[in-house]
Amino acid sequence: MAAKKLTFEESMARLEEIVSALEQNDAPLDQTVAMFEEGLKLVKSCDASLKQFESKVNEIVKENGGEQNE
């Protein structure tokens, strides 16, 4: 069964949970590494989403005769 694709907001919320858990530093090492790996995947996913959103906003601005700020 494929994992559900999280929204940007869900990904950010999960990332915050992971960071909080890692800061507590009370999980076993194997669990810590798994959370760290999940966090990295979420960061990549969020970064890709932000780049898509930025591209879309720039496209909308351009289509409406506005200037793009990069």
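Asparagine 25 is exposed, with a relative accessible area of 62%. In this predicted model, asparagine 25 belongs to the loop that lies between helices H1 and H2. The phi angle of asparagine 25 is near 55°, a positive value in a residue other than glycine.

Helix H1 comprises residues 8–24 and helix H2 residues 29–63; their axes lie 9 Å apart and form an angle of about 150°. Because this angle is over 145°, H1 is roughly antiparallel to H2. The crossing in which H1 passes H2 is left-handed. On the H1 side, the contact is made by Phe8, Ser11, Met12, Arg14, Leu15, Ile18, Ala21 and Leu22. These residues meet a set in H2 consisting of Thr32, Met35, Phe36, Glu38, Gly39, Leu42, Val43, Ser45, Cys46, Ser49, Leu50 and Phe53. By residue class, the contact of H1 with H2 divides into 13 nonpolar, 5 polar and 2 charged residues.

Serine 11, situated in helix H1, is one of the residues that meet H2. With a relative accessible area of 2%, serine 11 is buried, since the value is under 20%. When neighbours within four places in sequence are left aside, the contacts of serine 11 are Leu6, Leu42, Ser45 and Cys46.

Helix H2 contains 35 residues. The distance from the first C-alpha of H2 to the last is 51 Å, close to the 51 Å expected at 1.5 Å a residue. The buried residues of H2 are Met35, Gly39, Leu42, Cys46, Ser49 and Asn58, and the buried residues of this helix pack against H1. In an α-helix there are 3.6 residues a turn, so residues three or four places apart point the same way.

Valine 33 is also found in helix H2. Valine 33 has a relative accessible area of 49% and is therefore partly exposed. In sequence, valine 33 and serine 45 are 12 residues apart, and their C-alpha atoms are 18 Å apart in space. Serine 45 is among the H2 residues that meet H1, and serine 45 is also in contact with serine 11.

Just after H2, glycine 65 adopts a positive phi of about 75°.

Methods:
Residues numbered from 1 in each chain as written. Predicted model: local features only at pLDDT ≥ 70, side-chain atom pairs only at ≥ 80, totals over all residues. Heavy atoms only, no water. Axes fitted to C-alpha atoms, helices over the stretch in contact; angles between N-to-C directions. Helix = DSSP H or I, 4+ residues; strand = E, 2+ residues; numbered from the N terminus. Parallel < 35°, antiparallel > 145°, perpendicular 65-115°, else oblique. Left-handed = near helix turned anticlockwise from the far one by under 90°. Contact = heavy atoms within 4.5 Å. Nonpolar A, V, L, I, M, F, W, Y, C, P; charged D, E, K, R; others polar. Buried < 20%, exposed > 50% of the residue type's maximum accessible area, 1.4 Å probe, protein only. Expected span 1.5 Å × (residues − 1).
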